[in-house]
Amino acid sequence: MRRGPIVLLLIAAVLATGGPAPAAEPARSAQAVVAATLDNGLRVLLLEDRRSPIVTVQMWYRVGSRNETRGATGIAHFLEHLMFRGTAKHGPGVFARTVERNGGQDNAFTSQDVTSYYVNLAADRLDLVLELEADRMHNLRLDPKIIASEREVVIEERRTRTEDDPGGALGEEVSATAFRAHPYGQPIIGWTVDLTRVTPEEIGAFYRTYYVPNNALLVAVGDFKADETLAMVKTAFGSIPRGATPPPVLAVEPPQNSERRVTVQRPAQLPIVYLGYPVPNQTSPDAAALEVLSVVLSGGRASRLYRDLVHERQLALEAGGDYSYFSLDPNLFWFWATPLPGQTAETLEKELLAHMERLKREPVSEVELTRAKNQVEASFVFQDDSIHRRAGLLARFELIGGYALKDSYLASIRAVTAADLQRVAGAYFQDEKKNVGILLPKP
Amino acid sequence: MLQRRWTTVCLIAALVLAGVPAPAPAAPIAHREVLPNGIVLLVAERPGVPIVAVRAFMRAGAVFEPPDRAGLANLTGSLLTRGTAKHSGPEIDAAIEFVGGSLEAGAGRDGLTASLFVLKRDLGLGLDLLSEVVLSPTFPEAEVKRKVAQIQAAIKRSEEDPGTVAARALSRLVFGSHPYGTPVEGTIASVGTLTRDDVVAFYRGFVRPDTAVVAVVGDVTVDEARREVLARFGAWPRPAAPAPTGPTEPAAMPPRTEVIPKDLKQATIMLGRPAIRQVDPDYFPLAVASYVLGGGSASRLYARVRDEGGLAYAVYAYVSPGRYGASLVVSAQTRTGEVPKVIDIVRDELGRMAREPVSEDELRLARDYLTGSFPLRLDTTAKVADFIVAIEVQGLGLDYADRYRAAIARVTAADVQRVAGRFLGPDTFSRVVVSATK
C-alpha cells in the first residue's frame, strides 16, 4: 500500500474484516453485472448502484509476490508504489492531485496473488479516472531517480511492518518455513537485500510483462449507466495493445512430511504462537467446509477459540484461525494465539492443538454450524452496503474463475455438514503437516 | 497471509470529525427529536440494503473519570456486554452472532458507545439486546476481573507499537493534567486498582438518558425507529440531578520534548500542540492549513519527506478535535539516523506556512478536497451513524455538513497564513521521538 498503514495482505482479509464474503440477494448482485472482454483482453465488470452519486473504479492486475523470482522479491509491491509516480503525460503527483481535487480517495495494495488499485470519487468524474488508469497501465515513467527515492520509502515500509513488528516478523519466518518450492514463502514486501538491489531495468521488464490489458480486470460499481461506462472504458483502454500472455507460475509446493518449527527471539512484550497447515484453495471440494470451519473457530466472541481460550479459561489475549479461500494456489490455514501474561507460548500451542483434536473427534453442534452459516450469509448482505466492498468481492470471485461463483459460493456454504468439518479437520490438521512459529520476547 | 486481529479500542465520536469535511444534500442528514426522558433520537433512512446500524452514545467518557481512576470509563464500557439482568455475556454473544449481527460497547475520551449492526429482519432482537446492555448491565465480579486482566495485557502489548507509545506521550505533553492527557485505557497500574464498585458507581453517575444520543440508520423509517426505541428506552428514568458537565478547555502547556528509547529499526516522531474545536471560526482555515501541510499525498510534507527525500513511508498532519479540547499533530516514521533531518524539514514547513501564503493551486486543491470528499465519507450505513452522533455530541447541528462546506469554500490564502501564525509556530510544538539510542 502506498500510504495508510496497512499493507499488502488483504486477499485473505475478506474474512478477517467482518466475516466472509459477499453479497446480497443473489438475484440482485450477479444478474445485474455487465461483463465484457475488450478485444485487447481487458476484462470489465460493471455494476450499477445508484444510491449515492459516487463510483468506485478498481484495477486488478493478476500479479503479486507469487510471480516473483528469488533474488527479486518485493518487485510487485515496489512497482505498485511507482504506479503513483507519474507517466510521460501526467507527471509526478498528478494522479493524487486529480483524485483529491475531485473529492476522491485512492490507494492500492499488493498481495501474494494480485496488485489492486482503487479510486473512489464523484460519479461524474469516472471518465477522468479511466483515462488516468489507462495511461498508467501503458505509459508509466520509470525514472531511475524516482526509483531511487521510492526504494527508500519501500524499505521504510518494511521496517514498519516487519522489522519493528513482532507479529509481522514471525509471520515472515513461518511462511518461509512452510513453503520451500512455492513463492508463497517469500515476503510480499520483499527481502531487504532484494529491495536494495533490484534494478530499474528489472522493474521495467516486470511492468511490461504483467501490466498488459489481457492480464487485468477493471471493476466499477456506482452511480452510472453501464452501457455508457462500457463505452468510456473502450475509449480509454481500447488502443492499448494486447501483450504476450504472462508466464504461468509453475512452482508446486511438495507435500509436507514432517513438522517444521521456527523460534524467533526479539524485543516484544508478549509471546505469539502461529500455526500453519497446508490446505487446498477454493478449487477443492473441501473449501467450503474449511471456510465454515474458520468461522466456527474464530468468527466472533461465541466462536470456539475466543470462548474457550480468551473467555472461559483466560489463557490468551486473543486467539483465532483463518482460511485463505481465494488464494490462487494452495496456501495455509493459519492459527494464532497471544498468551496472557503468565501463560506461555508452549501452553497456547498445546491448547490450539487440543481444539483441532476435538474437531476431529466429535462433530460440531448444530447450533455452532448454523451460527457460522448465518454469519457468512449476513456478511454477504452487509457487504452490499458499500460500493467499494461490492466491487472488491466481484473482483475476488472473478479472479478465481468468474464473478458468478459468488452465488454458488453461498449454496456451497449452506451444504456443509458437521461431518464435513470433522473430515477436513482430520485430513489437514495433522502433526506432520504442521508449521509452528513461536515468538519469544527477548529479555 | 496472516493478520492479527486487534481488540477494538474506540474513540468513535472524535475520529469521524478529525480533519474532515462536510456538505451535502440540501435535505437534513437525519431526523432529530428529543424524547420525553431527554434522549436525543437521530434517524437517517437509508433504504436499499436490508441492514440497520444503531448507536447509543452516553456522555460517559474518560474525561469524567476521577483522576486516580484512569481507565474506568473504558473498563465500564467494555463490561456492558458482559452480563445483564437477563443474560450472561456469552449468552449475549451467542444470541447476536446467531443472526450474523454484532453488538459492541466501549468508551472513548468523551463518551461511551454501544453499537449494533444487524439485518433488518433482526432489528427487534438486536434492539432488545442493545437496550439490555445499556439499561441493565450487572457487571459480574468474575467478568470485571477477566476484563481487567485483558486490558492490562493489551496495554502491555501496545508498548510494542511505537506509534501508540509516541501518541500516549504526546497527549501527556500537550494536555498535561487535562483529562485528554491521560490514556483512555489507563495504565497497567491504574487499571489494576479498579474495582467492581468503581464500575458500578461510574455507570450510575454517567450512563443516563439526558446525555444519551440514540442514532438509527439504515432500512428503517422515522416512525418505526421512534416506536422501537421508545418501547425499549422510553421508561429509562431521567435522574433528578442535572447531568455533570465535562472539563473546561485545557490550560496552555509550555512545549516540551521527550525521547523514549526503544530497540527498533525505525524512529517515530510526533509533534503536537493544542488547537481549536469546530466551534471556533478559525477551525476552517486551520483545517485547510493542516491539509496543505500534511493532509494527503499531494501535501508539502508528503512531497518533501516521502517523494523527494525517500525518508519515510508515513508522514502526515491533522487536527484532532474532541468535545473538550483539540490538538494539532504532525507525525512521521523514519530510519533512526534521519531523525534530525526529518525534524528539520517538519519545522521548516511549519514555519513556511506562516512565512508565506499558500499558492492558489494548493488552496484550491485543499478546498476542493475538503468540500468534495463528503459523499465518500458518508457512503456506508456505519459512517452515517458515526457522523450524525459526532455532530450531535459536539453540538455542531445537523446542518454542519453544509456550514462546513460553505466555510471551507470561503477560506483565503490570507486566512491560512494568519491561522498558521497562530497555530503552526515550530517552537510551539511539543515533540516525542521513540527511537533506538546509539
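In what sense do S9(A) and strand S10 (residues 331–339) of chain A pair, and over how many bridges? In this predicted model, the two strands pair in the antiparallel sense, over 6 bridges. Within S10(A), Trp336(A) stands opposite Gly320(A).

Both strands belong to an open sheet of chain A. The sheet has 5 strands in the order S7-S11-S8-S10-S9, and its pairing is mixed. Strand S7 (260–266) and strand S9 (316–322) of chain A form the edges, each pairing on one side only. On average, neighbouring strands are turned by 15 degrees against each other, direction ignored.

Two helices of chain A are described on this sheet. Helix H7 (residues 166–178) of chain A touches S7, strand S8 (272–279), S10 and strand S11 (435–441) of chain A. The direction of H7(A) makes about 155 degrees with that of S7(A). Helix H13 (residues 345–361) of chain A also packs on the sheet, touching S8, S9, S10 and S11 of chain A. The direction of H13(A) makes about 130 degrees with that of S10(A).

The domain assignment divides chain A into domain 1 (33–237) and domain 2 (260–441). Taken over C-alpha atoms, the centres of these two domains of chain A are separated by 28 Å. Domain 1 of chain A gives 32 residues to the contact, and domain 2 of chain A gives 26. On the side of domain 1, two or more residues come from each of strand S2 (43–48), strand S3 (54–61), strand S5 (115–122), H7 and strand S6 (216–222) of chain A. H7(A) provides the largest share, with 9 residues. By class, this side of domain 1 of chain A has 18 nonpolar, 8 polar and 6 charged residues.

Contacts between the chains were examined next. In total, 71 residues of chain A are in contact with 58 residues of chain B. On the side of chain A, helix H6 (residues 144–163) of chain A gives the largest share, 10 residues. This side of chain A divides into 28 nonpolar, 22 polar and 21 charged residues.

Helix H10 (residues 283–294) and helix H17 (residues 413–423) of chain B pack at an angle of about 85 degrees, with axes 9 Å apart. H10(B) and H17(B) are therefore roughly perpendicular to each other. H10(B) makes the contact through Pro285(B), Leu286(B), Val288(B) and Ala289(B). H17(B) contributes Asp415(B), Val416(B), Val419(B), Ala420(B) and Phe423(B). By class, the contact of H10(B) with H17(B) has 8 nonpolar, no polar and 1 charged residues.

Note on methods
Residues numbered from 1 in each chain as written. Chains lettered and ligands numbered in written order. Predicted model: local features only at pLDDT ≥ 70, side-chain atom pairs only at ≥ 80, totals over all residues. Axes fitted to C-alpha atoms, helices over the stretch in contact; angles between N-to-C directions. Helix = DSSP H or I, 4+ residues; strand = E, 2+ residues; numbered from the N terminus. Parallel < 35°, antiparallel > 145°, perpendicular 65-115°, else oblique. Contact = placed C-beta atoms within 7 Å. Nonpolar A, V, L, I, M, F, W, Y, C, P; charged D, E, K, R; others polar. Pairing = 2+ DSSP bridges. Domains from an automatic or database assignment.
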